[in-house]
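Trainee: Could you walk me through this one? I'd like to start with the rings and charges.

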Amino acid sequence: MATTERYRVPETLPILPLRDAVLFPDLVMPLVVGREKSIRLIDDALKGDHIIGVVTQKDAQIEDPTPSDLHEIGVAALITKMIRMQDGTLRVIVQGLTRIRIRELVALDPYFKARVRVLYEDYSPSVELDALMQQAKELFEKLAEMVPHISSDLVNVVRNIDHPGRLADVIAHSLRSVTTDEKQEILELVEIRARLERIIYILKKEISIIEVRQKIQSEVKNEIDRTQREYWLREQLKAIQKELGEYDDRQTEVEEFKEKIENAKMPEEVRKVAEKELKRLQKMHPASAEYIVSRTYLEWLTELPWSVETEDNLDVKHAAQVLDEDHYDLEQVKKRILEYLAVRQLKKDMKGPILCFVGPPGVGKTSLGRSIARALGRKFIRISLGGVHDEAEIRGHRRTYVGALPGRIIQGIRRAGTRNPVFMLDEIDKLGVDFRGDPAAALLEVLDPEQNFSFSDHYLEVPFDLSKVMFICTANVTHTIPPPLLDRMEVIELPGYTDDEKLHIARGFLIPKQLDNHGLKPEQLEFTDEALLTIINSYTREAGVRNLERQIANIARAVAKRIVEGTLEKEVITPDNVATYLGPPKFFPESAERTAKPGVATGLAWTPTGGDIIFIEATRMSGKGNLLLTGSLGDVMKESAQAALSYIRSKASQYGIEPDLFLNSDIHIHIPSGAIPKDGPSAGITIFIALLSLLTGKNVRPDVAMTGEITLRGVVLPIGGVKEKILAAKRAGIRHVILPERNKADLDEIPAHIKEGLEFHFVREVDEAVAIALGPLEAAAGFVIPPKPGEMPAQEFPKEVH
């Protein structure tokens, strides 16, 4: 347009952040510039070509915006006039030239500078644009008749505009009801037709709102007159009641708040805020909406435990007794809590620890938090963070929103009634993030001992001290927790349980609990150890004990029913009658059966629910040397299979395998169950052993399981999840475990009772694993190629490996 043609917009512009306003091309806007950086920007621009970039802030409340706080599209503008005021601020008049897009920020100090690109309008006159312009002008004139702030001069200006893009910009700039975000949206619409259509939509909406408002005003006029009469009469009644000394609800409520503020023992800063809010409340009418908002805010301020805290029971022996009563094993966690109590005895003002229990489902993470609270004599509060996407869930909503409330942290503190509860943040690894903010980022302040002494909730807008709170987080995995958040927590891993540990837990905790839940006495229902082991091995397959408790509850319900019916007085559960109550076994120990044929090897896998064993099957058929991979395998696992086959082919003569065998055969590797995705490099050594077993005709030992990543040189690399994998081997009845040599140090963290009965073989190269899993191979000279095996029959795979 004409203004743009008179001035050339430089490629690099200083960027002036604009708060709560949007400048449009060809329009003039007065600005008050008060920020130091902005004043310097204006001064420098006036020494040059007077052209700057004006870009609106996303949040007008931010005093010192960063690049991410600015919109990408703004306007190149010409400074036409500047007046320096006595208070140091500048009064500036700018005229928009053309739309620009920020391509790259080239400087942050002393103010923003950016490379920009001019956004030109593609305008071609058409009948359709003329129609849209006419409709927009008619709607604007109609709106001007309904609202007083649109002058007749402005209507004449709009009526005489002949360019559709400028028409849309002028109308958007003129409407007071259009929000800053809506104006920015219009500014970003470079296409003229889309901009006009948006303006027409806004005009129609405004006209509809005003028409409805006028209709309502006419309907309620009589109602308002009646309400005003009632208000006058009620005020007269209040005056009479005051003279008679009768009860005044409003004054009584104010006095109650004064007493609560006095008794709350708030910090001085919070007390001033509460008293100021109470003065505002006294001036409001009880029927107004603002009165309810103010009263609710005062209730939150006065009911929070600013100075109330429970006295900790620092008796280490008592705490150890409570923890042992509630949980079996978990020595590492118990040791950490007892250490905390011992230090508290020596240092009274110690800040609360921030722990994170990580482990598979059902190992007792949540219930352990309750036990810790009981041992310390503190209140226990738990909130679940699974699926939380909104930052306001943590920090609360600002009071400007209807129905605003504090976040879950402050709500939990209020429910606890003390400022030093045990606060459990359950499922912290399942936090989400969307356009409403990142709750994990809000938790950074909550879980940082150096910051949480002055935690600020958006609703309260005053600091609350969380340093006395003992935060305990729980998670199944750590890789989904943002690293900055994970760094603030002390991670304590809770591995799965062995069969022996599950037996003790069932005897000491689960059976008594379910007998009490179902109204049974110990003499009415008994379990033998053999029956419990049958349930553990044949009806559950888990790292924890949640499903075990569920199966015990199933039996208890069935026995309770028979006792009520009079057909039974006492039941002893043995391996022989378990199936009567629970049906046929759901899981079978298949390790020996699976390795009864060449080409099947047992591996160890890590899953989000704990460790597990997997069976890798390989078969050979006539073909052209192809490798088939099935079982929903990821790219890393497919590459491990390729590496294993390539290594065997490179050393075929050493293993007594004819090289022609690879050219005339297709090899198929399958890892059940096929519907469950699997990935990772740790199955490399297992795939290698399965292939070698297939090609040499030797069975893999049924009591051997293995894990490890392999290279093309046959080197076995270290892997993760050793503790969970060893527990899986123990549960599956494995006797020999093959591990990478560099994982030897990981065994030091595993309790001795878990390693008992297991023999560990540490290997540097895959050839060392061959002798353990297959035994010595025959020399190549006397080796006879085994007959070509047929395809292995499909077998049900009971594990779910993620």
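Trainee: The charged end of which residue sits over the ring of Tyr 297?

Mentor: This is a predicted model, where local features need pLDDT of at least 70, side-chain atom pairs count only at pLDDT 80 or more, and totals for chains, interfaces and linings use all residues. Residues are numbered from 1 along each chain as its sequence is written, and side-chain values use heavy atoms, with hydrogens and water left out. A charge counts as over a ring if NZ of Lys or CZ of Arg is within 6 Å of the ring centre and within 35 degrees of the ring normal. Here the charged end lies 3.7 Å from the ring centre, and it belongs to Arg 399.

Trainee: Which residue forms an edge-to-face aromatic pair with Tyr 297?

Mentor: Phe, Tyr and Trp rings (six-membered ring for Trp) pair if their centres lie within 6.5 Å; planes under 30 degrees apart are stacked, over 60 edge-to-face, the rest tilted. By this rule there are five aromatic pairs. In this one, the centres are 5.8 Å apart with 65° between the planes, and the partner is Tyr 459.

Trainee: How far apart in sequence are the parts that this pair ties together?

Mentor: Helices (H or I, at least four residues) and strands (E, at least two) are DSSP runs, numbered from the N terminus. Tyr 297 lies in helix 10 (residues 289-303), while Tyr 459 is in the loop between strand 10 (455-456) and strand 11 (463-464), so the parts are apart by 162 residues.

Trainee: And is Tyr 297 buried or exposed?

Mentor: Buried means under 20% relative accessible area, exposed over 50%, partly exposed in between (1.4 Å probe, protein chains only). Tyr 297 has 1% relative accessibility, so it counts as buried.
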